Amino acid sequence: MQLKNRMEERVWQAVDHVLAKMPEICNCERCRYDIAARALNNLPPRYYVSNHGEIYTRTEELNIQPNVDVLAAVTDAALWVAKNPHHGRD
């Protein structure tokens, strides 16, 4: 059995989508992780442990608002990270 957060999967997909549309924002590994972390901290988690739970969380995605919320959180996070990059500081 494995515990998974569907929101994390969705955020990573949205990071790819948003950065493809915003080439001016750094696409390095550190910035990608910072964007994902910031977005996930502003979104509710959607954990599941079974196939049934995964199907349930995926059916929620048929509503438009959760998709808008994810894209908005990732876009906001990308803009914030672009202004406050951490790459090169470690």
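How many aromatic pairs does the count come to? The count comes to 1 aromatic pair, under a rule in which rings of Phe, Tyr and Trp (its six-membered ring) pair if their centres lie within 6.5 Å, with planes under 30 degrees apart taken as stacked, over 60 as edge-to-face and the rest as tilted. The structure is a predicted model, in which local features need pLDDT of at least 70 and side-chain atom pairs count only at pLDDT 80 or more, while totals for chains, interfaces and linings use all residues. Residues are numbered from 1 along each chain as its sequence is written, and side-chain values use heavy atoms, with hydrogens and water left out.

The ring centres of Trp-12 and Tyr-33 lie 5.0 Å apart with planes at 70°, so the pair is edge-to-face. Distant parts of the chain are linked in this way, since Trp-12 sits in helix α1 and Tyr-33 in helix α2 (residues 29-41), 21 residues apart. Trp-12 has a relative accessibility of 23% and therefore counts as partly exposed; Tyr-33, at 48%, also counts as partly exposed. In these terms, buried means under 20% relative accessible area, exposed means over 50%, and partly exposed is in between (1.4 Å probe, protein chains only).

Next comes the overall layout. The protein chain holds 4 helices and 2 strands, and from the N terminus on its elements run β-α-α-β-α-α. Here helices (H or I, at least four residues) and strands (E, at least two) are DSSP runs, numbered from the N terminus. Taken along the principal axes, the C-alpha atoms fill a box of roughly 40 × 30 × 20 Å. Of the 90 residues, 31% count as buried. Among contacts between residues at least 6 apart in sequence, 78% join residues at least 24 apart, where contact means heavy atoms within 4.5 Å.

Helix packing can now be followed pair by pair. Two packed helices are described by the angle between their axes and the distance between the axes. The axes are lines fitted to C-alpha atoms, for helices over the stretch in contact, and angles run from 0 to 180 degrees between N-to-C directions. Helix α1 (residues 6-21) and helix α4 (residues 64-83) have axes that come within 9 Å and cross at roughly 60°. That angle makes α1 oblique to α4, given that angles under 35 degrees count as roughly parallel, over 145 as roughly antiparallel, 65 to 115 as roughly perpendicular and the rest as oblique. The crossing of α1 with α4 is right-handed; a crossing is left-handed if the near helix is turned anticlockwise from the far one by less than a right angle, and right-handed if clockwise. On the α1 side the contact is made by Met-7, Arg-10, Val-11, Ala-14, Val-15, His-17 and Val-18, and on the α4 side by Pro-66, Asn-67, Val-70, Leu-71, Val-74, Thr-75 and Ala-78. By class, this contact of α1 with α4 has 10 nonpolar, 3 polar and 1 charged residues, with Ala, Val, Leu, Ile, Met, Phe, Trp, Tyr, Cys and Pro taken as nonpolar, Asp, Glu, Lys and Arg as charged, and the others, Gly among them, as polar.

Arg-10, which lies in helix α1, is buried, with a relative accessible area of 10%.

Met-7, Glu-8, Val-11, Trp-12, Val-15, Asp-16 and Leu-19 in α1 meet Arg-32, Tyr-33, Ile-35, Ala-36, Ala-39 and Leu-40 in α2. The residues of this contact divide into 10 nonpolar, no polar and 3 charged.

Helices α2 and α4 pack at an angle of about 130°, with axes 8 Å apart, an arrangement that makes α2 oblique to α4. The contact joins Cys-31, Asp-34, Ile-35, Arg-38 and Ala-39 of α2 to Ala-73, Val-74, Ala-77, Ala-78, Trp-80 and Val-81 of α4. Its residues comprise 9 nonpolar, no polar and 2 charged. Trp-80, in helix α4, is partly exposed at 33% relative accessible area.
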